Amino acid sequence: MDTPRTAEPPVAVGGSGLVTAMTAAGPEPEVEGYADDTGIDDVVVPAIGRHHTGAPEPAPLTQHGPARIIAIANQKGGVGKTTSTINLGAALAEYGRKVLLVDFDPQGALSVGLGVQPHQLDTTIYNLLMERGVEAEDVIQPTKVDGMDLLPSNIDLSAAEVQLVNEVGREQSLGRALKSVLDDYDVILIDCQPSLGLLTINALACADKVLIPLACEFFSLRGVALLMDTIDKVKERLNPDLELIGILATMFDARTLHTREVHQRVLEAFGDKVFDAVINRTIRFPETTVAGEPITTWAPTSSGALAYRMLAREVIAR
C-alpha cells in the first residue's frame with residue numbers, strides 16, 4: 001500500500017484565467033495504484049472533463065508557404081518543450097507540411113534529439129544572428145524525417161544574448177534571420193530556452209502563435225501566470241498579432257490523483273485553449289533521444305506517437 005506524502009499547496013484558478021497558488025496547505029492526494037513515475041506506454045488517456053472528437057484529418061496541400069511561426073515556450077525546464085517540438089514537427093511532416101525546427105536554446109537539446117552533435121557544428125543559429133553574410137540557407141540542415149529541416153544551435157548561442165543587448169532592434173533579430181525562408185515552409189517551430197530572457201523574447205516577437213507545454217504538476221502550473229504576463233507584454237509592445245494557440249498537457253500519469261487534479265484546473269482556467277491531445281509519461285521518449293529520431297518513426301504505433309499526431313491535427317485546424 002502506498003503511504004501518503006507531504007502535500008503541496010492546492011492550486012486555485014482565478015477568474016481571469018491565470019493560475020495562482022493558494023497559501024493554505026491541503027491534504028495530499030492519494031496515489032492510486034502506483035507510487036513511481038514509470039511510463040504508461042500503451043494507454044491513450046483523454047483529457048478530463050469533456051467529450052473529445054479530435055481534429056479531422058488535414059487535407060493535403062497543393063503549395064507550400066508562407067510559414068506560420070509557432071514558439072514553444074515555458075520558462076520552467078523539464079516540461080517537454082524539446083520533445084514536443086521534435087515530435088509535433090515530425091507529425092506535421094507526416095501530414096504533408098514542410099516544417100523547420102529552430103533550436104533556440106544554447107543547450108542544443110533539440111539538435112541532439114535529432115542526432116546532431118552541437119559541438120561539432122561549424123555554423124549554427126548564432127552565426128546567422130550575429131554575422132553578416134550568413135543566410136538561413138547556409139545553416140539549415142535536413143533531418144531523418146522527410147519534409148522536416150533543422151536550424152541547429154550550440155553553446156555559442158549563449159553569447160548572442162549578451163551581444164544583442166546593444167543592437168538596434170535586438171528583439172527582432174530572429175525574425176529578420178528567418179524572413180528569407182518563410183516561403184519555403186508551412187510551419188516553423190521554435191524551441192525556446194527555459195527562461196524569459198532576450199532569446200525567448202525574440203522568439204515571441206516573431207511568432208504568430210505560442211504553444212505552452214505544461215507538465216501536469218503543481219510547480220509547473222504555478223509558472224503559467226508569469227509566462228502569460230510576458231506574452232501579454234510582448235503582444236502590447238512588440239508583436240500585436242501574437243496569440244496563444246494552446247496549452248499542451250505533458251507528463252500525464254492517470255494513475256495519480258494529483259496529475260488529474262492539475263489537469264482539471266488547467267481546463268477550468270483555459271477552457272478550449274487546452275489541446276485535446278494529452279502526452280502521457282512513457283519510457284519511449286528517452287529512448288527516442290538516444291536514437292536521435294522522433295517517436296513517430298521510432299515507435300510509430302505507441303501512445304506517444306498517436307498523441308502527437310492528434311496534436312498535429314489540432315494545430316493545423318487552429
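Does methionine 251 count as buried, exposed or partly exposed, and at what relative accessibility? At 28% relative accessibility, methionine 251 counts as partly exposed, where buried means under 20% relative accessible area, exposed over 50%, and partly exposed in between (1.4 Å probe, protein chains only). The structure is a predicted model, in which local features need pLDDT of at least 70 and side-chain atom pairs count only at pLDDT 80 or more, while totals for chains, interfaces and linings use all residues. Residues are numbered from 1 along each chain as its sequence is written, and side-chain values use heavy atoms, with hydrogens and water left out.

**The chain as a whole**

- The protein chain holds 13 helices and ten strands, these being DSSP runs (helices H or I, at least four residues; strands E, at least two) numbered from the N terminus.
- Of the 318 residues in the protein chain, 51% are buried.
- Among contacts with a separation of 6 or more, 79% are between residues 24 or more positions apart, a contact being heavy atoms within 4.5 Å.
- The accessible surface of the chain is about 14,300 Å², and 52% of this belongs to carbon and sulfur atoms; the areas come from the Shrake-Rupley method with a 1.4 Å probe, and for residues only the protein chains shown count as cover.

**Backbone geometry**

- Most residues other than glycine have a negative phi, and most peptide bonds are trans.
- Methionine 251, which lies in strand 9, has a positive phi of about 55° although it is not a glycine.
- The peptide bond from glycine 65 to proline 66 is cis, with omega near -10°, and proline 66 is found in the loop between strand 2 (19–21) and strand 3 (68–72).

**Two buried positions**

- Aspartate 253 sits in the loop between strand 9 (243–252) and helix 10 (257–270), and with a relative accessible area of 3% this aspartate is buried.
- Although aspartate 253 and cysteine 216 are 37 residues apart along the chain, their C-alpha atoms are separated by 8.2 Å.
- Alanine 307, in helix 13 (residues 303–317), is buried at a relative accessible area of 7%.

**Location of aspartate 138**

- Aspartate 138 has its place in helix 4 (residues 136–139).
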